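Here is a friendly note to read alongside the model. Please have a look at the structure first, and then follow the numbered points.

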Amino acid sequence: MAAETETARTAECDGLRLPPGPGVNLLMSVLQQKRWVDPIAHFSHLAENYGDIAHYRLGRRHIVFVNHPEYLRQIFVVQHANFVKERTQQRAKLLLGEGMITADGARHRQQRQAAAPAFHRQKMAAHAEKIVRRASELREEWRAGELHDIHREMMLLGLGIIGETVFRTELGDEVHALNDAMADIMEVYNAIVLLPGIRLLLQIPFTPLRKFVHARAKLHRAMERLIAEHRRRGADASGTDLLTMLLEAQKAQGWSDEYVRDQVMTVTLAGYETTAIALTWTWYLLSQNAEAERTMFEEIDRELEGRLPSYEDLARLRYTEMVLAEALRLYPPAWAMGRMALHEFELGEYRLPAGTTVLASQYVLHRDARFFPDPLRFDPERHTPEAKASRVRGAYCPFGMGPRQCIGEAFAWMGGVLVLATLAQRWRLRHDERHTVLAEPLFTLRPRGGMPMRVEAR
Ligand code: HEM
C-alpha cells in the first residue's frame, strides 16, 4: 500500500493521474521474486492484483500494463499515432535492423506500402499449392513410431515455405543452418533485450553473447545470398513476389542493400517462426484433447476424401481453422506487444506522461475468464462465427490490432490450416510424456526443449 501512496503523490505533483500499481519499488520486488526472468508471471501478477491497468516505475520510466480490450484498442488503434515501438522492441533492431517490425513513422509506412501487395489475399491461392507440396513431402518422410522434435520439424518446414512462397527461392539444406542460427540467437535473446549496455557487451570476445553475433552474421549472409540470387534471376512473371517489390522500392526510394536485407530478414523470421510455433502448440494441444482431434480428423476425411487439400478447400476446413484459432488463444506465439508514448495522453480516467511505455500481453488477456470462460479449457467451439460475433471486441488478438496488425495474417491462417490438414490426413502425433511442457516467452512463445512427439499412423 505504501507504494500506491507514493504513486498517487507523484501524480498530484505532475498534474498527471496515474493508475494504481506497485509504485516505484518494482525493480526491488521483481528482483526479489525473480519475476524478471518470467515476464508472463510478472504480467499475470499485475493483472491479478491491479485489474485492467497497472502502473509502475523502472528508474525514471513510467510503465503501464493494460489488460482490457478497450485499453488495448485505445493504444493500438484509436491513439496509435501517438505511439512508437517500445524499448525492448527497439532492442530487437540488434537482430532485425530497420525492418517493418522495428521501424516507426514514415519509414514504417513506406515499408508496409511496398510490401502490402505481396500479402494480398488474392496472392494466397498461388502459394497454397507450394505449401501443400512441402507438407506432403514431410508427410512422406515420417515413419510410424518415430520420435520427432515437432518444433524443429515445423520450423524447418516453415522456413522452406517462406523461402519458396515469399521470396521465390529454394533454401534446400540451408534451412538447417538457418534454424540452428535462430536457436543460438534465442538462447541469449532475453539477455540481448534486457541487459543494459548490450551493444558494448556484444563486442567482448569469448562471452556467451558472442553466439548472438556469429549467428546474426550467418543469417545476414544467407539473406544476402537470397537477394543476390533473386537479382540474378530477375522479377517473376507477375512481378509481385515480396522480394521483387522490395527491390523495386529500393530503386525508387534509394534504399541501401543493408536496409533491404533487414526487411527480408524481418519477414523471414516473423513469418516462419510464428507460424511454426503456432503449429507446434496445435499438435501438442490436439494430442491432449481427443474429442477435438477426432472432430478435426473427421472433417478432414469428409471434406477431402483422401485427396490433398487446395486453396478452395479452406472454406470447408472450418473446424481445423477453429482448432488453430484456439491454439493461438492459449499459446499466442506473439505473447506481448509494447509501445512508447510520444506525447502525454489520456487512457480512461488516467493521464500519463510522454515517454510512458505501454505493455499488453495476448497470453494474459486470452486467459482472462471474463472474456473466455473456463479459460484453460481447450475448446475450438469458442471460434464459431456466432461465438466470434458475441465476443468482446479486441479480447482475441493473436495478430495484434490497428495499423500495425500482422501483415502476414492471411498467409498464416492459410499456411496453418493447409499444413495441419495435409499432415493429419495420415498421422496423429503423441506427446512424449518424459518431456515437461513449458512455454518460454522469448521473441516468440517457444516450447522449452522443443516438442518431442511420436508419429502414429491414423
Ligand atoms: C501465427 C502466425 C503469426 C502470428 C501469431 C503473428 C503475430 C504478429 C503480431 C501480434 C504482430 C503485431 C506486433 C505489434 O503490433 O507490435 C505482427 C506483425 C508482423 N508480422 Fe506477423 N504473425 C504471424 C505470421 C506472420 C507471417 C506468416 C508473416 C510474413 C510472412 C508475418 C509478418 C509480420 C510483419 C512483417 C509484421 C510487422 C507489421 C507492422 O509493424 O506493420 N507474420 N505479427
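1. A polar contact is a pair of N or O atoms within 3.5 Å; within protein, one must be able to donate a hydrogen and the other to accept it, and residues adjacent in sequence count only if both atoms are side-chain atoms. For His-108, an N or O atom in the side chain is 2.6 Å from a ligand oxygen. Met-100 takes part through its backbone, with an N or O atom 3.4 Å from an oxygen atom of the ligand.

2. A word on what you are viewing: this is a predicted model, in which local features need pLDDT of at least 70 and side-chain atom pairs count only at pLDDT 80 or more, while totals for chains, interfaces and linings use all residues. Residues are numbered from 1 along each chain as its sequence is written, and side-chain values use heavy atoms, with hydrogens and water left out.

3. Now follow α15 (residues 257-288) to its packing with α9 (residues 150-166): their axes come within 8 Å and cross at roughly 140°. Axes are lines fitted to C-alpha atoms, for helices over the stretch in contact, and angles run from 0 to 180 degrees between N-to-C directions. The two helices are therefore oblique to each other; angles under 35 degrees count as roughly parallel, over 145 as roughly antiparallel, 65 to 115 as roughly perpendicular and the rest as oblique. Residues in contact (heavy atoms within 4.5 Å) include Met-154 and Gly-158 in α9, and Gly-271 and Trp-283 in α15. The contact divides into 12 nonpolar, 5 polar and 1 charged.

4. From α20, look across to α8 (residues 121-141): these helices pack at an angle of about 30°, with axes 9 Å apart. That makes α8 roughly parallel to α20. Their contact has 12 nonpolar, 4 polar and 2 charged residues.

5. Finally, α7 meets α14 (residues 242-253), their axes coming within 8 Å and crossing at roughly 135°. This pair is therefore oblique. Gln-110, Ala-114 and Ala-115 in α7 touch Leu-242, Met-245, Ala-249 and Gln-253 in α14, a contact of 5 nonpolar, 2 polar and no charged residues.

How values were computed:
Helix = DSSP H or I, 4+ residues; strand = E, 2+ residues; numbered from the N terminus. Nonpolar A, V, L, I, M, F, W, Y, C, P; charged D, E, K, R; others polar.
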